[in-house]
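Dear colleague,

My notes on selected residues follow it.

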Amino acid sequence: MISTLKPLLILLFILYVVKCNSQTVANSSKPLAMINDTTFVNLKEYSQDFVYDMKYATEDNFLKAKVYDCAKCYLRYKTVKALILVNERLMKKGFKIKLFDCYRPLDIQKKMWAIVSNPIYVANPSNGSIHNRGGAVDITLVDLNGKELDMGTAFDYFGIEASHDYPNFSKEIKNNRKLLKKNMEKEHFNSFDSEWWHYNLKTGSKDSVSNFKWDCN
Ligand SMILES: [Zn+2]
């Protein structure tokens, strides 16, 4: 009797160990305190309060080509934490951040540079941009119904009107840009003079350029 039960008991023991191990992995996959600031994470897994319009996952961009297989916003964890703080503050005032682009693999940067080889609008891939380092976002503001605030130009408009300093806009447009800039600067993002939509986390320039592609499944 014992000899026939023994293989069964061994099998049950193995199943128990495997189950315990798989639970340990699942439960410890995202303990917040254990995530390193420079780890790449998916913003959506940390906040549901953002609006997404990831332009490079569509053909509605200056490349006229869909260069991302799917629309996901990956960033270094420290960038995600700072962005969530900005969004929480803006939501109390009746606004939300809408995202156009986040981390961008280096290969995509090379494609963009081949089309627009002008460092005012596209970073040279030989240096790598802060987008390639997971510390930059292209964003605008929407109201709580999702309606975009008027920023004067569309995203990726390559002209002087996209500059923060462009003087010939209405007070409303200037105030909209200022609202975004002021709140981003509070959480240690730098603006970029020639693009009202682009923000860099100040410490993002220290991180290495990356070329990983996110999983679309
Ligand atoms: Zn940008």
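Is Asp156 buried or exposed in this model, which is a predicted one? Asp156 is buried, because 22 other C-beta atoms lie within 10 Å and the cut-off for that class is 20 or more. The residue is located in the loop between β5 (136-143) and α4. Although Asp156 is not a glycine, its phi is positive, at about 60 degrees.

A positive phi is also found at His188, about 70 degrees in this case, and again the residue is not a glycine. His188 belongs to the loop between α4 and β6 (189-192). With 15 other C-beta atoms within 10 Å, His188 is partly exposed.

Helix α4 itself spans residues 171-186 and contains Lys178. Lys178 is exposed, because its C-beta atom has 11 others within 10 Å, and 12 or fewer places a residue in that class. From Lys178 to His164 the C-alpha to C-alpha distance is 8.8 Å, with a sequence separation of 14 residues.

Lastly, I turn to the annotated position. The unreviewed UniProt entry carries an "active site" annotation that covers Glu195. In the model, Glu195 falls within strand β7, which comprises residues 195-201. Glu195 counts as partly exposed because it has 19 C-beta neighbours inside 10 Å, whereas a buried residue needs 20 or more.

With kind regards

Technical notes
Residues numbered from 1 in each chain as written. Predicted model: local features only at pLDDT ≥ 70, side-chain atom pairs only at ≥ 80, totals over all residues. UniProt positions renumbered as here; feature names shortened; annotations may be inferred. Helix = DSSP H or I, 4+ residues; strand = E, 2+ residues; numbered from the N terminus.
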